[in-house]
Amino acid sequence: MAEYQHISHGFEPVFDERSRVLVLGSFPSVLSRENRFYYGNPRNRFWHVMAEVLGEPVPGVDDIAGKQEMLLRHGVALWDVIESCDVRGSSDASIRNVVPVDVARITRVAPVRSVKCNGGTAGRLYRRWLLPVTGIESEVLPSTSPANAAWSLPRLTDCWREALLPVLGEGW
């Protein structure tokens with residue numbers, strides 16, 4: 001089993017002054033940290049789900065700018081709950097000694113009216129660390145992680161679509 005390491009997040013949030021929905025993960029996986037961007041594990045279904053929900057082609061694996069632009073065009077901000085923590089590999093279950101992100105960095109600039117958490121760990125961490133700052137209740141969506149094999153891609157996409165489209169409205 002991997003040893004605990006204290007790790008800092010390592011890359012910036014995605015947002016601008018038009019972001020209406022904030023999607024939060026827990027903390028970047030080993031592959032995401034190596035690739036220096038969110039959901040860097042090619043088996044993670046996040047980018048496929050978001051592209052389908054937003055009616056866009058799936059950005060290339062290494063197309064960080066394309067991924068950012070896709071989200072921003074549709075009013076979606078993306079970050080994680082944790083700025084730094086002790087973690088073993090990519091295991092959310094091993095996370096300890098959490099330092100949360102400064103979520104006000106986004107909410108001061110963007111008219112965020114909805115928070116969606118990518119999985120239960122992100123949801124629990126959000127309620128504990130960030131809800132008191134934002135005052136915005138979150139909705140926990142099924143994780144796009146490959147570890148969440150109980151959810152097929154079509155089922156994930158339908159669930160995420162149902163959660164995101166009412167908030168994004170016709171302005172996207």
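This is a predicted model: local features need pLDDT of at least 70, side-chain atom pairs count only at pLDDT 80 or more; totals for chains, interfaces and linings use all residues.
Ground rules come before the structure. Local features need pLDDT of at least 70, side-chain atom pairs count only at pLDDT 80 or more, and totals for chains, interfaces and linings use all residues. Residues are numbered from 1 along each chain as its sequence is written, and side-chain values use heavy atoms, with hydrogens and water left out.

Start with the sheet. Helices (H or I, at least four residues) and strands (E, at least two) are DSSP runs, numbered from the N terminus. Here 4 strands form an open sheet, ordered E3-E2-E6-E7, with parallel pairing. To pair, two strands need at least two bridges found by DSSP. The edge strands are E3 and E7 (138–141), and each pairs on one side only. Strand E2 (residues 21–25) pairs with E3 over 5 bridges.

Now helix H3, residues 64–73. Which of its residues are buried? Gly66, Lys67, Met70, Leu71 and Leu72. Buried means under 20% relative accessible area, exposed over 50%, partly exposed in between (1.4 Å probe, protein chains only). Their cover includes helix H2 (46–54) and strand E3 (76–80). After H3 comes glycine 75, with a positive phi near 80°.

Last, H2 against H3. Trp47, Met50, Ala51 and Leu54 in H2 meet Lys67, Met70 and Leu71 in H3. Contact means heavy atoms within 4.5 Å. The contact residues divide into 6 nonpolar, no polar and 1 charged. Ala, Val, Leu, Ile, Met, Phe, Trp, Tyr, Cys and Pro count as nonpolar, Asp, Glu, Lys and Arg as charged, and the others, Gly among them, as polar.
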